[in-house]
Amino acid sequence: MKKIKDKIEEMESILIGGHVNPDGDTIGAGLALLLGLRKKYPNKKIDFTLQDEIPKNIKFLEGINEIKCSKNIDSKEYELAILVDSATLERTGDVADIVKNMYKINIDHHISNPNYGDLNLVKDISSTSELMYNVLEFLEIPIDINMGSALYLGLVNDTGNFAHSNVTSETFNVASKLMAIGVNNNKIVNDFFKSKSMERIKILGKALSDMKFVSGKKLVYFYLPYETLKEIGASKDDTEGVVEEIINFNESEVSLFLRGEPNGLIKGSMRSKRDKDVNAIAGLFNGGGHIKAAGFTSSLPFDEIVKKVVENL
Ligand SMILES: [Mn+2]
């Protein structure tokens, strides 16, 4: 962390980047860092950029409008890139190209992260936001209510509201310190989880009624073709959380959600309840993530993806 601090102090312009299809963790960690760095170094040029739009249920965070779309970023204006919550550089989409010639700091919590940065802070903990809390402390940046709310959202996002096995006493410790500075737990959880669009509820309903179960492998899966997504009038962030919902089935151990993309590829997400390693399965499709939560993109048809997953579970 000392080297990270030195680099930040040395450079005059910093661009923070997060992953495509941004979630509460990449946004929470990146936004807290943006607000903190701007406060501590008012004379530096500091921005946070993402390729994709902010999901509707995250827009309530204060400072969210400071995040810039990667289309509007000129790479020549920055010397240092800090990538957050991005398991590979490619995961940042268009941002990867913008930062390719910059000095890169990689701050992440995915075990599959190959340490692609010039400096890497990769720790196997609940969330990048939990890690970012420690980074901000090390940088001696006081965490205000807006930064704290962003970090808290990251914790809630990646722990399924403190329900997953990645939660440790340290996760609660960070959550507790955030509440102590005034973060409103109930408001964040309500704004984030209980704010689903009708389209999202409809997708979920479809998933719950059409999901299939492979009892020999305790695998529950659901495939949503792109045409069905369009018929419902949904967008891809309306499919968030499906993979976590279908694994609620009591006999399942692993869930697989497959979503057709407009370009004909299929995006897969997997979850595991106990010890089955879905990071390894995602790896068969050149994806990755964590042992209990991972994802991939494939050009195979959906039935072949299911076959390959079943064979390897
Ligand atoms: Mn994360």
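**View 1. I14 stands opposite I46 in β2.** The model shown is predicted. Strand β1 covers residues 13-17, and strand β2 covers residues 45-50. The two strands pair in the parallel sense. Five bridges link β1 with β2.

**View 2. Helix α1 packs on the sheet.** This helix takes in residues 2-10. Helix α1 touches β1, β4 (80-84), β5 (103-108) and β6. The direction of α1 makes about 130 degrees with that of β6.

**View 3. Helix α2 also packs on the sheet.** Residues 24-40 form α2. Its contacts are with β1, β2 and β4. The directions of α2 and β2 make about 170 degrees with each other.

**View 4. The whole sheet is open and has six strands.** Their order is β3-β2-β1-β4-β5-β6. Pairing is parallel. Strands β3 (68-69) and β6 (119-122) are the edges, each pairing on one side only.

**View 5. V84 stands opposite I107 in β5.** Here β4 and β5 run parallel, joined by five bridges. Strand β5 is mostly covered, with five of its six residues buried.

**View 6. D108 stands opposite V122 in β6.** Strands β5 and β6 pair over four bridges. This pairing, too, is in the parallel sense. Strand β6 is an edge strand of the sheet.

How values were computed. Residues numbered from 1 in each chain as written. Predicted model: local features only at pLDDT ≥ 70, side-chain atom pairs only at ≥ 80, totals over all residues. Pairing = 2+ DSSP bridges. Contact = placed C-beta atoms within 7 Å. Axes fitted to C-alpha atoms, helices over the stretch in contact; angles between N-to-C directions. Buried ≥ 20, exposed ≤ 12 C-beta atoms within 10 Å, placed from the backbone.
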